[in-house]
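Let's take a look around a protein model together. Have the sequence and the 3D view ready, and we'll go one piece at a time.

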Amino acid sequence: MFIIQLPYSLFNGNTEGQCGICDNDKKNDCRGPSQVVESCFDSAHDWHLNKTDCTKPTPPSVKPTTTAKTPSASSSKLPTTTLPTQPPTTACKATICEIIYSNQIISPQPFYEACYYDVCQMPDTSIGCSSLEVYASICETVGFCVDWRKFTNGKCNFSCPPTKEYRACGPDVQPTCNSKHNEKHIDQNPPSSSKFTEGCFCPNGTILFNSFTDVCVSSCGCTGADGMPKQPGETWQSNCQDCVCDKDSMSVQCTPHVCTEESPVTCSMEGQERVTEPAGPCCNKTICKCNVDLCSKAQHSCDTGFKLEISIPENGCCPKYTCVPKDVCVFNNTEYQPGSNVPKGTCEECWCSYQIDSASKLLAIDCKPIPCDTECPIGFRYEAIPGMCCGVCVQKECVVMLPDQTAHVIQPGQVWTSPDNNCTRYKCDKNKDQLGLTEIDIFCPPFNPKDCIPPLWCGACIFILSADPSYQSIHLPNWACKSATNCNIQKHKTHIESNGCKSNSSVELTSCGGSCGTYSMFSPETHHMMHSCTCCRETKTSEKKVTLSCPDSTAVDYSYTYVEECACQKTECVDSNTSTAPPSGQEVMEAAKGLRARRRRK
């Protein structure tokens, strides 16, 4: 079972077959191909095309058995029906379809089969209501009313507008307040007592106002210009006329609408103008209305730290301009956010606070003097700098840090030897305005007896004074031996310090060191001292630079001499009243220090 709904405005007179010609008249429905009106059951099969795949629904496996009562007239003199006493026994419980067997006026079997198929085979069980509705409408054509919807438990309800109520057996033509309509459709063609229809009707005690609205009225009064009902005594306005439904004549009486006289209107505020506008459909009124084009066009700006706010007064028209303070500090026409530093003075530290200055209405600037750190490390002295808030620590002495973490101060130009290490000397050098600490290491070259010149043997040397078996032995120091030439470049790494600044990494320093065969000895043949003096010294140097990091986070460049090549060079042996006596131990040590010293700068 299915339903086709067509718009009456487009298909009136343009259909044929089961729906007739779509003229809302059931008399010409269910016509066969020969244009003869038949029963809807027969005409449906007459329109069947053999070429199409159309099969009848599968009938139920068990035909329901019912006990039907003969329809009797209801209170409205219309026949009614009752439900079957026992439900049909089928695999699918199509309960609403069993209502068809409550009336045997028309053969119910085809309609039951269609309903059963729709309920048991289709996803929406409410489709079965269509078979019941068709069956009831066929019963109506033969004068029997079947009030079947109330037995479907709400599955097949009929919806009506709020002003109407549902009736299963209402009149075929409803009376209205329009006498001409009643005369044409009711008086001239009285409805048959056996003809009725299902639909929505006005409640008892009311009547349909006209045939094209759903308005029900208790009495037929007047009809307004809009076609809607007006009750006796009701007033309304139409086309600038005051109308009333006269209670005596039940006719509409209208008079021209009179507008209320208004008092003069004066617009005194800036930006206002007099404007006439409708005060309803028929009258006008004069009011004062805002027009921003009439407001002042002056430019508005605010000082630094303030922002321009625009507001419209509650009873005004033109905008109001106000400079309001921001949450900032202002110094030298510059804005600063709260908590940020403000460069207000050289010798004080200033910041933008969160407190409001009562005078400026802006955030206040708080300042405090900058504290100067006058404490300086050892070897430095605090010196003020003209034009600056704080001075700086200037190096005045060189500082040697000893292994026991103690410090020793050396004045510029002085040399100091640690009492715990006679082999190292420290010298404080001044290069322009910078002080540099030079470390001088004293070392002894390696001793090899083979390098000694007979008859001297170093270490425990024995001096042969004569050919006589008797002799005098003298222990000579290593410097008295003539060593083979081994003058070489000596390399080592250390940190360079100057004026408290220090290199970030160790720097390679070079020096010349080794033996060059220098000696002094007594010659028995000449009965004099013989001298041979050579010195291991640099023959080629270069200047290098290194960057030193200072405590105040600055960096300076420092220059130092780098030895590229070394060689033995002959030098003059100074004779200062040389004695034939063997040198004392102290003299030997001093000479040794002079001959074997080399410099290494940090």
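Which residues of H3 are buried? Keep in mind as you look that this is a predicted model.

## A helix and its cover

The buried ones in H3 are Gln109, Phe111, Tyr112, Ala114, Cys115, Tyr116, Asp118 and Val119. Part of what covers them is helix H4, residues 129–141. Here's a handy rule for reading a list like that: an α-helix has 3.6 residues a turn, so residues three or four places apart point the same way.

## A three-stranded sheet

Now hop over to the strands. An open sheet is built from 3 strands in the order E18-E19-E20, with antiparallel pairing. Strand E18 (341–342) and strand E20 (363–369) stand at the edges with a single partner strand each, so one side of each has no neighbour in the sheet.

Zoom in on E19, residues 348–356: 6 bridges join this strand to E20, and the two run antiparallel. Along this pair, Cys350 stands opposite Cys367 in E20.

How many cavities of 30 Å³ or more does the structure hold? There is 1, and the largest cavity has about 30 Å³ of space.

Its lining is made up of Ile99, Ile100, Ser102, Leu132, Tyr135, Val146 and Trp148. Sorted by class, that lining has 6 nonpolar residues, 1 polar residue and no charged ones.

Conventions:
Residues are numbered from 1 along each chain as its sequence is written. This is a predicted model: local features need pLDDT of at least 70, side-chain atom pairs count only at pLDDT 80 or more; totals for chains, interfaces and linings use all residues. Side-chain values use heavy atoms; hydrogens and water are left out. Two strands pair if DSSP finds at least two bridges between them. Helices (H or I, at least four residues) and strands (E, at least two) are DSSP runs, numbered from the N terminus. Buried means under 20% relative accessible area, exposed over 50%, partly exposed in between (1.4 Å probe, protein chains only). Contact means heavy atoms within 4.5 Å. On a 1 Å grid over the protein atoms alone, a cavity is a set of points where a 1.4 Å probe fits but cannot get out, and a pocket is an open set with protein on both sides within 12 Å along at least five of seven lines; lining residues have an atom within 4 Å of a point. Grid points are joined across faces, edges and corners, and a volume is the space filled by probe spheres set on the points. Ala, Val, Leu, Ile, Met, Phe, Trp, Tyr, Cys and Pro count as nonpolar, Asp, Glu, Lys and Arg as charged, and the others, Gly among them, as polar.
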